[in-house]
Amino acid sequence: EGFTVMLVGPDDLQAYKNICRTLNKEQELLNFPIDVSLLKPLRTRVRLASKLDTEEHKLRKSTKNQSWLEQTAKAMDIILDEELIEEKEEKERVQKEHKKILKAMRVELDHLLSQRLIPRDVSLSYPSIQALKHHETVLEKSIDRMKTQGRRKRTLEKR
C-alpha cells in the first residue's frame, strides 16, 4: 500500500477530473492539510519567479533574433542599412536596461528564497528535539488522516 500526494491547482482541477473520468477513477480529491499562512509568501515567490522567467525568455528571444539578422547579413556579405544599425543600437540600449531590471528581480527573488518560511505554530527561539518530533508527529497524523479519509470514501463507494 502506498500514499501519493498530488498538487492540483484550481486551474488544473477540471482537467484532472476529466482524466479521472476517462480512467474510470471517480474518487473525490482529498485536501492535504497545509498551513494557510504560508500561501501568501509562497505565492509572492512563485509569481516573481514566473515573471522573471517570462521576461528572461523575451530577452533571449529578442537577442537571438538580432544576432540572426547580423549573422545572415555577414554570411551574405551584406552591409546593414543605417536604419537597421540605429535600430540595433536602440534595441541593445533597451536590452541593457531590461537586463538591469532582470538583475534586480533576480536579487529580489534570491532574497525572498533565502528567507525561511516558518509555520505559525513553530518557534525557533529554542529549537529542540521535542519540537522536531512534534512536527514529525503532526505530519504523520496528517498523512494518516488522509489515508483514513481515502479508505472511508472507498468503503462508501463500494456500498
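Student: How do the elements of the chain run from the N terminus on?

Tutor: They run α-α-α-α. The chain has 4 helices and 0 strands. Keep in mind that this is a predicted model.

Student: Then confidence comes before detail. Which element has the lowest mean pLDDT, and which the highest?

Tutor: Helix H4, residues 129–158, has the lowest, at 69. H3 has the highest, at 90. The chain as a whole averages 80. Of its residues, 81% score at least 70.

Student: How much of the chain is buried?

Tutor: Buried residues make up 11% of the 159 residues. The accessible surface comes to about 13,800 Å². Carbon and sulfur atoms hold 55% of that surface.

Student: What share of the contacts with a separation of 6 or more comes from residues 24 or more positions apart?

Tutor: They account for 76% of those contacts.

Student: How should I read the buried positions on a helix?

Tutor: Start with the general idea. An α-helix has 3.6 residues a turn, so residues three or four places apart point the same way. Now the case here. In H2, the buried residues are Arg45, Leu48, Leu52, Glu55, Leu59, Gln66 and Ala73.

Student: What covers the buried residues of H2?

Tutor: The cover includes helix H3, residues 82–114. Leu52 gives a close-up. Beyond its neighbours within four places in sequence, Leu52 is in contact with Leu102, Met105, Arg106 and Leu109.

Student: Which residues make up the largest nonpolar core?

Tutor: General idea first. In soluble globular proteins, nonpolar side chains tend to be buried together. In this model the largest nonpolar core has 7 residues: Leu48, Leu52, Leu59, Leu102, Met105, Leu109 and Leu112. H2 and H3 are the elements that give two or more residues to this core. H3 gives the most, with 4 residues.

Student: What does the side chain of Gln95 join in a polar contact?

Tutor: The side chain of Ser62, at 2.8 Å. Setting aside neighbours within four places in sequence, Gln95 is in contact with Leu59, Ser62 and Thr63.

Student: Lys88 is also in helix H3. Which residues is Lys88 in contact with, leaving aside its neighbours within four places in sequence?

Tutor: Gln66 and Glu70. The C-alpha atoms of Lys88 and Glu70 are separated by 9.5 Å. Along the chain these two are 18 residues apart. Lys88 is partly exposed, with a relative accessible area of 22%.

Student: Where does Asp77 lie?

Tutor: In the loop between H2 and H3, just after H2. Asp77 is exposed because its relative accessible area is 71%, and exposed means over 50%.

How values were computed
Residues numbered from 1 in each chain as written. Heavy atoms only, no water. Buried < 20%, exposed > 50% of the residue type's maximum accessible area, 1.4 Å probe, protein only. Contact = heavy atoms within 4.5 Å. Areas by Shrake-Rupley, 256 points an atom, 1.4 Å probe, with all protein chains shown as cover. pLDDT = per-residue confidence, 0-100. Polar contact = N/O pair within 3.5 Å; in protein donor to acceptor, adjacent residues only side chain to side chain. Core = buried A, V, L, I, M, F, W, Y, C linked by side-chain atoms within 4.5 Å.
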